[in-house]
Amino acid sequence: MVASSSYKYQRLAHDEAELHQAGASTVLGPERTDFKGVVGASSIEKKPYFGMTGTQLNIWVTVACTTAMTLFGYDQGVFGGIIVTPDFLKLMGNPDANLQGTIVSLYDIGCFFGAISTFMFGEQLGRKKTFIVGVFIMSVGAIFQTCSYSVAQIIVARLMTGFGNGINTATAPVWQSETSKPSWRGKLVVFEMIMNIAGFSLSNWMTYGFSFVDGSLAWRFPIAFQLVFSVILFCTVPWLPESPRWLLAHGFEEEGVNVLVALEGSNASAEDEYILSQKGEILEAVRIEKETSPSWEDIIRGDTGDTGMIQRMVLGAGTQWMQQLVGINVTSYYLPLVLQNSVGLSNNLSRFLAACNSVSYLVFSFFGLALVERAGRRKLMMWGAAGQCVCYIWITTLLSKADDPVSGSKYGAGATLFFFIYYIFFGICWQGVPWLYPTEINSLSMRTKGAAIGTASNWISNYLVVQITPIGIASLGWKFYIIWIVFNFVFIPLVWLVYPETANRHLEDIDKLYRENKGMIFVFNNKEAIQVERPQKFIDADTERTNLS
């Protein structure tokens with residue numbers, strides 16, 4: 001099946017290249033092309049991508065990727081409101097804390113296997129086709145969830161929805177990063193994660209609003225609303241450009257250059273110095289990877305030569321593990337439940353505060369957009385972990401006194417405040433970087449696989465956190481939050497010691513860093529590895545390569 005798809009893609013790309021040379025233009029319709037001057041030709045001449053180039057085209061790629069991430073955020077938040085909906089609980093047989101955790105967390109297992117699947121077929125299909133497969137599977141799962149009438153049905157449907165979302169979340173950041181200019185890349189991927197928060201906020205307000213509705217509509221409509229995002233994706237992804245890096249890496253040299261030109265803008269041409277420099281940089285990275293890239297058997301044995309492949313893959317996956325272990329999904333999936341069971345608030349007030357918190361979370365996340373290139377990835381992760389650690393210290397201390405019959409409500413209100421502040425730190429510092437980092441730290445040939453492993457790491461760690469949270473709250477009470485204090489504290493020195501800076505770099509700069517620093521693990525004493533500005537020697541190398549071209 002994969003070979004057949006790849007062959008068809010190659011034939012299509014080859015035909016388009018020949019027709020382009022002959023002065024033909026691509027059109028949408030049964031007859032794809034029209035030669036200028038051919039008598040009797042009936043097709044209407046149209047330009048690729050509806051004539052859009054440069055910033056316009058970049059914006060539409062971003063629309064597709066941010067829609068996928070908005071859907072991801074919506075899915076993360078929607079079940080937090082549904083799991084406390086009376087009609088849903090009654091229909092599912094009033095599940096206990098353990099079964100509630102299973103229903104919610106099996107979605108993450110689906111996401112895990114979806115991400116792993118891109119590891120196996122994503123590189124062969126390309127970014128676009130992989131994306132479309134994920135959207136289709138997720139849409140079918142959303143329909144099944146909406147129509148569920150039993151625990152078994154809802155579990156199967158959530159597994160299917162998760163599988164599709166796992167594919168999307170492993171693909172969208174890679175596609176975005178490979179079609180973006182270096183100066184935009186970090187901001188665009190972080191913007192995607194801001195829209196993830198927007199989806200999360202929307203789901204909170206959706207479930208809060210529908211909590212005033214009687215019957216199954218209170219939870220079926222919020223689930224069905226996912227299909228709105230699917231429609232947007234089906235209407236945008238098919239006509240957008242494939243990743244130029246994927247095209248060049250798979251032998252579609254002319255097509256890859258044409259996409260680079262289209263992404264650069266209407267005044268660019270294949271002979272421009274900047275385009276030639278980009279092409280040369282990518283092809284050089286591809287050549288080196290082909291010569292030095294180990295097989296999976298070599299990777300499993302730990303025999304990876306001087307590429308730093310294992311270290312880089314572990315670092316990328318590590319950011320996703322850390323994102324979950326700082327404690328975000330203790331509250332993302334369960335904030336209404338946490339406010340009810342830990343703080344002692346009513347169902348309605350818990351839902352309302354969760355929805356208000358999501359707006360605060362969204363607003364402050366825009367600061368991350370401004371800081372991701374200016375402060376860099378390392379500082380954001382360290383600052384965030386420090387602030388989140390302090391928040392959980394206060395949450396734990398205040399909740400330990402919330403049972404006091406006289407002043408317990410005041411302590412509960414104080415704990416709620418620090419839940420809000422925690423989200424501010426996470427939104428600014430940790431929401432976007434763990435999704436950006438795996439796409440930057442991994443080599444070109446490993447970028448799809450590395451992003452898939454990173455995303456799979458997110459989902460399996462997400463599953464563990466979501467599965468244990470209701471049980472932990474029920475059995476440990478306020479002591480449960482000590483776990484997240486420890487994790488946040490440990491991550492501060494960990495990031496400082498071993499995580500290189502990837503801000504303001506070309507994707508190929510990281511390859512050079514690891515080739516020139518063989519076996520590098522600790523980076524804190526390597527100025528070129530940790531400085532926020534792009535090292536001057538990489539700039540000089542680009543200039544020299546351009547002059548030689």
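This is a predicted model: local features need pLDDT of at least 70, side-chain atom pairs count only at pLDDT 80 or more; totals for chains, interfaces and linings use all residues.
Close-up 1. Trp 205, with a relative accessible area of 32%, is partly exposed.

**Close-up 2. The stacked pair of Phe 487 and Phe 491**. The ring centres of Phe 487 and Phe 491 are 6.0 Å apart, with 20° between the planes, and the pair is stacked; rings of Phe, Tyr and Trp (its six-membered ring) pair if their centres lie within 6.5 Å, and planes under 30 degrees apart count as stacked, over 60 as edge-to-face and the rest as tilted. Helix 22 (residues 482-498) holds both residues, 4 residues apart, about one turn of the helix. Phe 491 is buried at a relative accessible area of 7%, whereas Phe 487 is partly exposed at 29%. Both also belong to one aromatic cluster, whose members include Phe 200, Tyr 361 and Trp 484.

**Close-up 3. Arginines over aromatic rings**. Arg 158 lies over the face of Phe 79, at 3.9 Å from the ring centre, and Arg 220 lies over the face of Tyr 149, at 4.2 Å from the ring centre. A charge sits over a ring if NZ of Lys or CZ of Arg is within 6 Å of the ring centre and within 35 degrees of the ring normal.

**Close-up 4. Tyr 422 in the largest nonpolar core**. This core has 61 residues, and Tyr 422 is among those that touch the most other members, as are Tyr 392 and Trp 484; a nonpolar core is a set of buried Ala, Val, Leu, Ile, Met, Phe, Trp, Tyr and Cys residues joined through side-chain atoms within 4.5 Å. Not counting residues up to four places away in sequence, Tyr 422 touches Val 326, Gly 327, Ile 328, Gln 388, Cys 391 and Tyr 392, where contact means heavy atoms within 4.5 Å.

**Notes.** Residues are numbered from 1 along each chain as its sequence is written, and side-chain values use heavy atoms, leaving out hydrogens and water. Local features need pLDDT of at least 70 and side-chain atom pairs count only at pLDDT 80 or more, while totals for chains, interfaces and linings use all residues.

Definitions and conventions. Buried means under 20% relative accessible area, exposed over 50%, partly exposed in between (1.4 Å probe, protein chains only). Helices (H or I, at least four residues) and strands (E, at least two) are DSSP runs, numbered from the N terminus.
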